[in-house]
Amino acid sequence: MKKLPFDLDLSGKTVVITGGGGVLCSGFAKTVAACKANVAILDLKVEAAQAVADEINKDGGKAIAIGANVLEKASMEAAKKVVDETFGGCDILINGAGGNNPKGSTTKDYLEEADLENDADISGIKTFFDLDPDGVSFVFNLNFLGTLIPTQVFAKDMAKRENSSIINISSMNAFRPLTRIPAYSGAKAAVSNFTQWLAVHFSKVGIRVNAIAPGFFSTQQNKALLYNPDGSLSARSEKIIAHTPMGRFGVPEDLDGALLFLLNDKASGFVNGVVIPVDGGFAAYSGV
């Protein structure tokens with residue numbers, strides 16, 4: 001069973017995690033399982049969710065895997081039915097599904113005059129003017145609607161339970177947009193704003209809503225982007241580390257403290273509508 005930075009007893013509670021087959025969210029699943037919660041791991045790739053559930057169950061926890069699409073309300077409702085039948089309902093919702101798409105990204109940090117004459121299909125240089133509206137829409141929907149729809153489905157019953165909590169996953173991009181990824185930065189800014197809106201909207205029915213904003217985390221999924229084949233940092237990674245006061249990438253375990261704090265009603269019962277950056281100081285650093 002996963003070792004935690006401090007104890008939190010979630011016995012009898014059920015945690016639903018969207019995107020639970022991913023690197024960071026599978027870490028969340030193992031963390032709450034170590035707190036004795038029942039865990040429902042939702043993911044578009046059910047095999048990824050099942051691998052996490054199998055690991056938790058092997059370690060003595062209680063977890064189920066459910067294939068589900070956060071962009072389809074019917075899919076979320078079907079997942080909720082399974083959660084209700086298996087665990088009796090949801091107490092804590094972690095909206096972890098999200099991501100980026102190359103169609104919503106540029107290939108350069110800055111637009112230069114020469115780029116205006118280039119054909120993106122020939123040069124391989126994609127500027128702001130070459131962004132695919134459908135790609136931008138996909139990124140926004142995955143992150144924003146992918147948070148809104150599961151909340152619509154699960155939160156109605158959560159309002160009838162004690163100490164219910166919703167944790168959204170934003171990004172440090174929401175504080176300061178990164179070059180090249182306007183769609184993802186904008187979408188995560190929307191998630192942060194929506195977190196605050198939900199916190200106010202649900203405040204009279206006892207559901208606290210907060211968010212965690214991870215910075216740059218080194219995982220197997222982004223290893224090829226952050227490191228060169230010889231193991232050295234890529235050029236973009238050099239910039240990241242230079243602008244991270246703590247001088248390193250995060251690891252999934254770095255998120256445990258923020259998650260457990262926000263889920264501990266005794267510790268954070270009056271904390272509502274906040275977005276906690278876990279980024280080694282990246283968002284706070286001006287570069288000077």
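Rings of Phe, Tyr and Trp, the last by its six-membered ring, pair if their centres lie within 6.5 Å. The views below show a predicted model, in which a search of the whole structure finds 6 aromatic pairs.

**View 1. The stacked pair Phe194 and Trp197.** The ring centres of Phe194 and Trp197 are 6.3 Å apart, with 15 degrees between the planes. Both residues belong to helix H6 (residues 182–201), where 3 residues, about one turn of the helix, separate them. Phe194 has a relative accessibility of 9% and therefore counts as buried. Trp197, with a relative accessible area of 48%, is partly exposed.

**View 2. The edge-to-face pair Phe216 and Phe282.** Here the centre-to-centre distance is 5.2 Å and the angle between the planes is 65 degrees. This pair links distant parts of the chain, its members being 66 residues apart. Phe216 sits in the loop between strand S6 (207–214) and helix H7 (223–226), while Phe282 is in the segment after strand S7 (275–278). Phe282 has a relative accessible area of 10%, so this residue is buried.

**View 3. An aromatic cluster that includes Phe194 and Trp197.**

View 4. By residue class, the lining of the second largest pocket has 7 nonpolar, 2 polar and 4 charged members.

Terms used:
Residues are numbered from 1 along each chain as its sequence is written. This is a predicted model: local features need pLDDT of at least 70, side-chain atom pairs count only at pLDDT 80 or more; totals for chains, interfaces and linings use all residues. Side-chain values use heavy atoms; hydrogens and water are left out. Ala, Val, Leu, Ile, Met, Phe, Trp, Tyr, Cys and Pro count as nonpolar, Asp, Glu, Lys and Arg as charged, and the others, Gly among them, as polar. Rings of Phe, Tyr and Trp (its six-membered ring) pair if their centres lie within 6.5 Å; planes under 30 degrees apart count as stacked, over 60 as edge-to-face and the rest as tilted. Helices (H or I, at least four residues) and strands (E, at least two) are DSSP runs, numbered from the N terminus. Buried means under 20% relative accessible area, exposed over 50%, partly exposed in between (1.4 Å probe, protein chains only).
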